[in-house]
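Look over the sequence and the 3D structure below.

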Amino acid sequence: MPGSAELVEVLAGPVLDAAPRLLGAVLRYADVAVRLTEVEAYDGPGDPGSHAARGRTPRNAVMFGPPGRLYVYFTYGMHHCVNVVCGPEGTASAVLFRAGEVVDGHESARARRPAARRDRDLARGPGRLCQALALDRGQDGTDLADGPVTLTLLAEPVDTQAISRGPRVGLRHAAQRPWRFWLTGDASVSSYRPASRSGVDGSRAPR
DNA sequence: GCTCCGATTATCT
DNA sequence: GATAATCGGAGCG
């Protein structure tokens, strides 16, 4: 399968190149599939906003391993978020999957996301995306090349004209780095507030 | 559409 | 002991 060789190549490259390239890709786990519409890059231990910023811990160990593995963590006492590790082994970079559009398995996704009013809300936000796909710490460390979770790139990258970028969401540190990428105008892109109540905004996705 | 606020617990200091 | 790469509901427009 030539597609998966290309995926390996993309994920092994610089995280700021990989992130926009993953827009439009389809993430599948069992019967539910999500087309990614919003991602965020976390660029190694030198990125103050990254979980890797304060070195390796049991939780973030996967980030320090080879690219192509899922880093799934639990936060706010109730939510999971999923990333894919990028860059050469030891780089500790990753792309967070922030939102997507459910393209298969709507029934399962709906059953797991009863609060979703519309289909566009099923995977609109990193916690929601994990819930729709039923991803949790059990998938931490899963290799996309050899596991139950798959990621399929688009044959052709999305036109850069169709991609927007802006500040990251929900971080205390270095949120202002414009490392969030999304498909301009897509209904499933999250539109959440920044972490700081008083801080500069500009992170809203265009509607 | 928007803003505010509480929930709930693994993880790290 | 404090924090967190969030979410959903309430109240307002």
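## A covered strand

Start with strand β5, residues 93-104. It is mostly covered. Of its 12 residues, 9 are buried. Keep in mind that this is a predicted model.

## Partners of β5

Strand β2 spans residues 32-42 and pairs with β5. The two run in the antiparallel sense, over 9 bridges. To see the pairing, find V39, which stands opposite F97 in β5.

Strand β4 (79-86) also runs antiparallel to β5, and 4 bridges join the two. Here V85 stands opposite A94 in β5. Together β4 and β5 form a hairpin, with 6 residues between them. Look for G87 in the turn. Its phi is positive, at about 80 degrees.

## Charges that tie the strands

How many salt bridges does the structure hold? The count is 11.

One of them joins R28 and D104, whose closest N and O atoms are 2.8 Å apart. R28 lies in strand β1 (residues 26-29) and D104 lies in strand β5, so this pair ties together parts that are 76 residues apart in sequence. Are these two residues buried, exposed or in between? R28 is partly exposed, because its relative accessible area is 29%. D104 is partly exposed too, with a relative accessible area of 35%. Both values fall between the cut-offs of 20% for buried and 50% for exposed.

A second salt bridge joins E40 and R98, at 3.8 Å from N to O. E40 belongs to strand β2 and R98 to strand β5, so the pair ties together parts that are 58 residues apart in sequence. Now check the cover. E40 has 0% relative accessibility, so it counts as buried. R98 has 4%, so it counts as buried as well. The cut-off for buried is under 20%.

## A local pair and a network

R137 and D140 also form a salt bridge, with their closest N and O atoms 3.3 Å apart. R137 is partly exposed, given its relative accessible area of 35%. D140 has 22% relative accessibility, so it is partly exposed as well. Some salt bridges share partners. They join E38, E40, R98 and R180 into one network.

## Rings and a charge

Which residue lies over the face of W182? It is R180, at 4.4 Å from the ring centre. R180 is also part of the network with E38, E40 and R98.

What about rings with rings? A search of the whole structure finds 1 aromatic pair. A pair of aromatic rings is described by the distance of the centres and the angle of the planes.

Most residues other than glycine have a negative phi. Two residues here call for a look.

Y76 is not a glycine, yet it has a positive phi of about 55 degrees. Where is Y76 found? It sits in the loop between β3 (70-75) and β4 (79-86). Its relative accessible area is 65%, so Y76 is exposed. The cut-off for exposed is over 50%.

A134 is another residue other than glycine with a positive phi, near 60 degrees. It lies in the loop between α4 (126-133) and β6 (149-152). At 31% relative accessibility, A134 counts as partly exposed.

## A distance to check

Move on to L151, which lies in strand β6. Is L151 buried or exposed? At 7% relative accessibility, it counts as buried.

Now find F181. L151 and F181 are 30 residues apart along the chain. Their C-alpha atoms are separated by 18 Å.

Key. Residues numbered from 1 in each chain as written. Chains lettered and ligands numbered in written order. Predicted model: local features only at pLDDT ≥ 70, side-chain atom pairs only at ≥ 80, totals over all residues. Heavy atoms only, no water. Phe/Tyr/Trp six-rings, centres within 6.5 Å; stacked < 30°, edge-to-face > 60°. Lys NZ or Arg CZ within 6 Å of the ring centre and 35° of its normal. Buried < 20%, exposed > 50% of the residue type's maximum accessible area, 1.4 Å probe, protein only. Pairing = 2+ DSSP bridges. Salt bridge = Lys/Arg side-chain N within 4 Å of Asp/Glu carboxyl O.
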